[in-house]
Amino acid sequence: MIIDCHGHYTTAPEPLQLFRDAQIEAYKAGKALPQVPHISDGQIQDSIEQNQLKLLTERGLDMTIFSPRASAMAHHVGDESVSRQWTGACNDLIKRVVDLYPQHFIGVCQLPQSPGVPIKNSVEELERCVNELGFVGCNLNPDPSGGHWTSAPLTDESWYPFYEKMVELDVPAMIHVSGSCNANFHATGAHYMNADTTAFMQFLQGNLFKEFPDLRFVIPHGGGAVPYHWGRYRGLADMLKQPPLAEHVMKNVYFDTCVYHQPGIDLLFDVIDLDNILFGSEMVGAVRGIDPQTGHYFDDTKRYVDALDLTEAQRAQIYSGNARRVYPRLDKKLREMGL
């Protein structure tokens, strides 16, 4: 079985974006927020079957851990009430995709974060999505300000109420920022990579996993710059009098394979232990074009993993074993489905 740990609903039907536009306009005008529109099953099926499901099948994948479009979470837009309504609409739509295609999609939720709003206010939506909608994890934005980094580091105690609920529910979080409102940082080319790298360094500096030994995070996009600069982070851990990374961070942190060329995948697997790598493609996502050098889609990451010199057992670990271990609620659902 091949599980893609990183997929977003980037092709949601047009009424969702029209609603978002109207919502933002109403907020700016000081008017009541519009009602969430009805989207038919047919509209959802068209948007999925011609995109994610089509590519999933063509590439030989079985299932995607699926969440709302990350760049559109835009927690910096509006206020908490705007974020809460938008988040609920997006998560409910993911639930409907999962209900239509339970063999191929499992849900991960967006959170109603907003700058300056305590993260404990997101606990209720996490509980709703896990306990009522059957989701298996969440996307946690370390920078709801959209590129200005006004929140405390992820190791600050202000995040603890949310971590306590993650541990209680036994769900991991993917660290995932959203769009950038800082012109210095392109959303997917700079802001995403910065956040991935920043989160890892925050974990290195702090002692979060002593407080929460069962907490689990997936740092996407191949871990940002971390694998390439692994020696730097090992050296910083030593200088900061922290334990070796294998003990201090890597019992709780995992990277995906959203690295869009063979040399990058080779480096990831050379540097990072196999126990800490989950297969992912972020399809259909940030880099959806065809590589003119290879003639294949950049985000067809299975092609790169297939090219590695791995045993069958190691390949199974990357393609499904690690995901089932990191997302135990997914493993439970798959077992119930006889998979």
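## Cysteines

At 0% relative accessibility, Cys 129 is buried (under 20% relative accessible area, with exposed over 50% and partly exposed in between, using a 1.4 Å probe and protein chains only). Its sulfur sits 4.1 Å from the closest cysteine sulfur, the one in Cys 109, and that's too far for a bond. Searching the whole structure turns up zero disulfides (a disulfide here is a pair of cysteine sulfur atoms within 2.5 Å). Cys 90 is in no disulfide either, with the nearest cysteine sulfur, that of Cys 129, 11 Å away. Cys 90 is buried too, at 6% relative accessibility.

## About the model

This is a predicted model, where local features need pLDDT of at least 70 and side-chain atom pairs count only at pLDDT 80 or more, while totals for chains, interfaces and linings use all residues. Residues are numbered from 1 along each chain as its sequence is written, and side-chain values use heavy atoms, leaving out hydrogens and water.

Helix α13 covers residues 312-326, 15 residues in total (helices are DSSP runs of H or I, at least four residues, numbered from the N terminus). From first C-alpha to last, α13 reaches 20 Å, close to the 21 Å expected at 1.5 Å a residue (1.5 Å times one less than the number of residues). There's a bend of about 50° at Ile 318, taken as the angle between axes fitted to the seven residues ending there and the seven starting there.

Ile 318 is buried, at 0% relative accessibility. Other buried residues of α13 include Arg 315, Tyr 319 and Val 326. Beyond its neighbours within four places in sequence, Ile 318 is in contact with Phe 269, Leu 274, Ile 277, Leu 278, Phe 279 and Val 305 (heavy atoms within 4.5 Å).

Definitions and conventions:
Helix = DSSP H or I, 4+ residues; strand = E, 2+ residues; numbered from the N terminus.
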